[in-house]
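Welcome! Please take a moment with the sequence and the 3D view below, and then follow along as we go from one part to the next.

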Amino acid sequence: MGFFQKIIDGLKKTKQRIGFKLNELFKRGIFNDDFYDELEFILLSADIGEDTTIDIIETLRERMTEDNISDPKKANEYLKEVMLEILGDEHLELNPPTVITVVGVNGVGKTTTIGKLANIFIKKGKSVVVAAADTFRAAASEQLEVWADRAKVRIIKHEEGSDPAAVVFDALSSAKSRKTDVVLVDTAGRLHNKKNLMEELKKINRVVERECPNAQRINLIVLDATTGQNALSQVDVFNEAIDLDGIVLTKLDGTAKGGVVLAIKHDMDIPVYFVGVGEGIDDLMEFDAESYIEGII
Ligand SMILES: Nc1nc2c(ncn2[C@@H]2O[C@H](COP(=O)(O)OP(=O)(O)O)[C@@H](O)[C@H]2O)c(=O)[nH]1
Ligand SMILES: [Mg+2]
């Protein structure tokens, strides 16, 4: 399946919720107060969020009035343009050696995403090692090992319960001696022990800074799209412990709340670099604003 088709398929549920309604609404060709009220209602239903929705509608109304738009097709293009402007066009440029630390709460898809990222980088001709720094449960590093096998990359892991920062230290040493391009660090996400978790992440970060001061360092937070607007608050929590550079939004395929990408872009100053659209190794895509818009409306 092609890249474009995958994104479109992944966003199917969101499109089912809002795409057809939007289409009906625009087709009427009457752009009065009722139109904007209804538009607001539809956008909110896909978790685009209140502030973002209000901004979209205000800008759209202004431009449509100014340009005296009455053609439904044209109006629809205007909406897409406003959304595109919010989404912007930022991509993750790898500049190896690179250390990517992946954080987020339990179950959002960190380990899976690391497997998928390893696969993407390998396909781009980079060498990759993954660090199993979620040492809290033995199952966590076993799961990462399965992904490392699938992506055909090396894994550094320690015993269950060992110090996550020590795993990272070993992974970095190994990467330095083998001149590996990318180190992917998997971390724990047990938020019920928030203070410990945050201290752990800070410590990992210090080890990376100390051992690889000249490396490109990227902290990615993984968010689960099915949690909709709640995902946004997790960014604040983790940003307190480590500076987040980018977002991976997973499980877009399982939700009609795909509009949350717009809310994230609008409310947070952190780019969405990748989106997850399934459980397979090829189901992670670099975020592309235009395909995304085509996918939802
Ligand atoms: N449908 C779907 N499931 C996903 C996606 N990413 C991860 N998952 C599933 O989410 C569950 C939790 O993933 P895991 O990587 O263990 O999360 P972690 O606890 O953050 O490491 C697993 O069952 C994954 O298969 C995605 O993009 N789409
Ligand atoms: Mg995990």
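Helix α2 covers residues 12-27, which makes 16 residues, and from its first C-alpha to its last it reaches 21 Å, close to the 22 Å expected at 1.5 Å a residue. That expected span is 1.5 Å times one less than the number of residues in the helix. Helices here are DSSP runs of H or I with at least four residues, strands are DSSP runs of E with at least two, and both are numbered from the N terminus. At I18, α2 bends by about 35 degrees; the bend at a residue is the angle between axes fitted to the seven residues ending there and the seven starting there. I18 is also one of the buried residues of α2, along with T14, K15, R17, L22, L25 and F26. A residue is called buried if 20 or more other C-beta atoms lie within 10 Å of its own, exposed if 12 or fewer do, and partly exposed in between, with C-beta atoms placed from the backbone.

Before going further, please keep in mind that this is a predicted model, in which local features need pLDDT of at least 70 and side-chain atom pairs count only at pLDDT 80 or more, while totals for chains, interfaces and linings use all residues. Residues are numbered from 1 along each chain as its sequence is written, and chains are lettered from A and ligands numbered from 1 in the order in which they are written.

Next, look for strand β2, residues 128-133. Why is β2 described as largely enclosed by the rest of the structure? The reason is that 6 of its 6 residues are buried. Both of its faces are covered, with V128, V130 and A132 buried on one side and V129, A131 and A133 buried on the other.

Which strands pair with β2? One is β4 (residues 182-187), which runs parallel to β2 and is joined to it by 6 bridges. Strands pair if DSSP finds at least two bridges between them. In β3, I156 stands opposite A131. To get from β2 to β3, the chain passes through helix α7 (residues 138-151), and this β-α-β crossover is right-handed. Right-handed means that, with the strands pointing away from the viewer, the path from the first strand over the helix to the second runs clockwise.

Now turn to another set of strands. β1 (residues 98-103) and β5 (residues 216-224) run parallel and are joined by 6 bridges, with I100 having I218 as its bridge partner in β5. β5 also pairs with β6 (residues 246-250), in the parallel sense and over 5 bridges. There, D224 has T250 of β6 as its bridge partner. The chain crosses from β5 to β6 through helix α10 (residues 230-241), and this β-α-β crossover is right-handed.

G276 lies in strand β7 (residues 272-276), and it counts as buried because it has 25 C-beta neighbours inside 10 Å.

Finally, a few backbone details deserve a look. Most residues other than glycine have a negative phi, and most peptide bonds are trans. The peptide bond from P96 to P97, however, is cis, with omega near 5 degrees; P97 is found in the loop between α5 (72-87) and β1. D47, in the loop between α3 (33-45) and α4 (50-66), has a positive phi near 65 degrees. K152, in the loop between α7 and β3, also has a positive phi, of about 60 degrees, although it is not a glycine. Are these two residues buried or exposed? D47 is buried, with 29 other C-beta atoms within 10 Å, whereas K152 counts as exposed, with 10 C-beta neighbours inside 10 Å.
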